[in-house]
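Grab a pencil and work through these exercises with the structure open beside you. Try each task yourself before you read its solution.

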Amino acid sequence: MAFLEVNDLVKDFGGVVANNHVSFQIDQGEIIGLIGPNGAGKTTLFNCVVGYHKPDSGKVIFKEKEITGFKPFMTNREGIGRTFQIMKVTAGMTVLENVMVGAFCRTDDRNLAKVEAAAILGFLGLDSLRAYHLNELPIASQKKVGLARALATQPELLMLDEVASGLNPKETEEMVDLLKKIHRDKRITLFLIEHVMEVVMPISQRVIVLDGGEKIAEGLPKEIVKNERVIKAYLGEKYAKSL
Amino acid sequence: METLRDAFDFRDFSKPEKVGFVIFTLFLLVFPWLGAGSFVKAVVIQFLLFSLFGMGWNTIGGYGGQVELGKAQYVGIGAYTVALAMVWWKIPFWVSMPIGVLIALGYSFIIGYPLFRLKGHYFAIATICTSLVLQDIFINWKLVGAAKGIELPIHEHPDFLYMQFKSDTYYFYFIMALFYVAIFYMNWFRKSKLGYQLRMIKEDEEAAESLGIDARWCKIKAYSIASAFVAVGGGFLAVYNLYIDPYSVMDLDLSIKIALMAMLGGAGSMWGPIIGSAFLVPLDRFLGSWLGAHKGLIGVDFMIYSALIMIVSAYQPRGIWGIIEQFRKR
Ligand SMILES: Nc1ncnc2c1ncn2[C@@H]1O[C@H](COP(=O)(O)OP(=O)(O)OP(=O)(O)O)[C@@H](O)[C@H]1O
Ligand SMILES: [Mg+2]
């Protein structure tokens with residue numbers, strides 16, 4: 001049985017069909033990349049899975065349980081964590097408090113939540129940021145905090161919407177290492193939307209490609225980069241040749 | 001146990017805050033013996049009452065960041081329960097006040113459930129409407145005295161059961177006790193799971209939901225807590241004034257003042273509502289007696305409040321407490 005299964009999912013924004021009969025499966029422990037041009041429907045697909053959007057038709061099944069139409073807080077409690085493409089930069093809570101809120105998802109005890117949050121910040125190497133507010137941090141750190149608080153809810157599946165966008169090459173490399181570490185040490189299945197090929201190609205075991213709301217390809221990274229349709233729609237000749 | 005420890009644990013406050021809190025407490029304890037006149041005493045009692053209201057509002061309005069403008073209906077529920085129970089069945093205050101709180105809790109869940117489907121401006125307007133509807137019902141409801149309101153029977157001798165005293169001093173110590181219960185409660189609340197979750201909802205509701213927080217349910221809970229606080233104050237108001245009517249305990253005016261005081265002082269902070277009340281209650285009383293003498297100036301008080309709130313929010317959205325913190329950081 002698949003870990004996450006999306007069956008024939010359709011999401012129509014009154015004319016714009018953002019997801020058009022999309023189906024795929026993810027197994028536990030995999031790292032799956034989701035790529036495609038701007039407006040392809042990647043974020044929409046994430047939102048349909050975690051419940052920010054209600055799909056017009058189709059099914060989402062997680063751990064053999066149908067979760068179609070669940071609210072976001074419910075899918076989180078089922079074990080799906082997510083980060084946002086655009087993270088709201090707020091000033092009212094410290095980094096530690098942000099992560100504690102995530103930890104409160106699994107405990108009512110504040111001291112426990114604090115210990116848990118501190119451990120996750122330590123795991124991600126963010127100890128020194130504890131007392132800062134999001135608006136005081138550079139983008140790379142903000143993204144890591146987003147990652148940290150999602151991790152604090154102890155997800156089994158983590159869905160990351162462009163965690164590497166806006167990062168410089170060095171920060172991108174750090175992020176890739178971090179993702180590998182999360183996957184390896186916490187045994188969390190990763191599902192990531194990414195435009196940065198340097199992130200998605202080396203770590204993904206499989207890649208799913210969306211274009212115009214439709215799944216146009218799926219396969220190993222080395223197959224995907226040679227796929228005619230994918231090159232036409234997204235990668236461009238240059239990237240294909242550079243490999 | 002943990003809860004109690006959190007409620008009485010003020011260690012994470014700064015030294016000036018702790019010292020200020022102790023001095024302020026000592027001042028309140030001796031206040032009735034300082035020889036203040038009855039007008040000043042009434043102002044201080046009012047200050048404590050509005051601090052209580054404001055602290056209640058602060059749960060949903062401050063920590064939860066929801067612009068809630070309908071607290072007066074719960075003042076009304078608390079006040080009417082105490083008054084009617086006494087007039088109809090001679091039920092003592094100590095029984096009717098908790099009943100009033102329970103009714104407020106129940107009512108707030110019923111109202112809160114549909115109310116928190118709404119967000120932003122729509123929510124704010126809806127809170128005003130629900131309160132106006134209840135006020136209208138009471139204005140027209142003969143059984144509960146309609147627009148004329150209810151007078152509480154005055155007992156010949158002071159009576160602790162019915163909270164009837166000749167001297168203001170008793171009322172002062174009673175509202176002071178309630179005020180401290182509220183402070184300890186809020187000191188627990190700000191560190192509680194619900195407190196953290198509400199702050200996250202205020203920061204970024206989408207993110208909060210992605211972290212397993214049922215935002216709507218959290219807001220309903222906070223709204224009910226706020227309503228319970230306010231109903232306690234309403235019960236006090238009934239025995240303190242010995243007269244209530246829908247205009248004095250359910251007015252929009254009252255709802256707005258409660259929210260305004262907390263926002264001016266600093267929504268979402270421990271001391272904000274108290275500071276706001278300390279500023280606005282005396283100002284309100286002063287303006288009240290001054291405007292009473294100048295009939296043509298009705299509404300000027302609200303103009304002054306609006307101006308104040310605009311100045312504060314333009315300069316520092318976190319209110320007077322925000323300004324204080326800003327200076328302290330330098
Ligand atoms: N809430 C919405 N209401 C209406 N249309 C929407 C909504 N969200 C997305 N869309 C539309 O759906 C399509 C897919 O958008 P989506 O955000 O899923 O793309 P994406 O693949 O994530 O793109 P990007 O790489 O730019 O993030 C776009 O045409 C977009 O305009
Ligand atoms: Mg997107």
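**Exercise 1.** Which protein atoms are the donors of the magnesium ion (ligand 2), and how far from it do they lie?

*Solution.* A quick note before we start: this is a predicted model, where local features need pLDDT of at least 70, side-chain atom pairs count only at pLDDT 80 or more, and totals for chains, interfaces and linings use all residues. Residues are numbered from 1 along each chain as its sequence is written, chains are lettered from A and ligands numbered from 1 in the order written, and side-chain values use heavy atoms, leaving out hydrogens and water.

Step 1: look for donors (N, O and S atoms within 2.8 Å of the metal, or 3.2 Å for Na, K and Ca; water is not among the atoms, so sites may look incomplete). You'll find OG1 of A:T43 and OE1 of A:Q85, at 1.9 to 2.2 Å from the ion.

Step 2: A:T43 belongs to helix α1 (residues 42–50) of chain A, while A:Q85 sits in the loop between β6 (80–82) and α3 (95–103), 42 residues apart. Helices (H or I, at least four residues) and strands (E, at least two) are DSSP runs, numbered from the N terminus.

Step 3: check accessibility. A:T43 has a relative accessible area of 25% and A:Q85 has 31%. Both count as partly exposed, the class between buried (under 20%) and exposed (over 50%), using a 1.4 Å probe and protein chains only.

**Exercise 2.** Find polar contacts to ligand 1, meaning pairs of N or O atoms within 3.5 Å.

*Solution.* Start with A:N38: one of its polar side-chain atoms is 2.9 Å from an oxygen atom of ligand 1.

**Exercise 3.** In what order do the strands of the 6-strand sheet run, and which stand at the edges?

*Solution.* First, trace the pairs (two strands pair if DSSP finds at least two bridges between them). The order is β6-β7-β8-β3-β9-β10 in chain A, an open sheet with mixed pairing. Now look at the ends: β6 and β10 (214–219) each have a single partner strand, so one side of each lacks a neighbour in the sheet.

Finally, zoom in on one pair. β6(A) and β7 (residues 157–161) of chain A run parallel, with 3 bridges, and A:R82 stands opposite A:M159 in β7(A).

Definitions and conventions: Polar contact = N/O pair within 3.5 Å; in protein donor to acceptor, adjacent residues only side chain to side chain.
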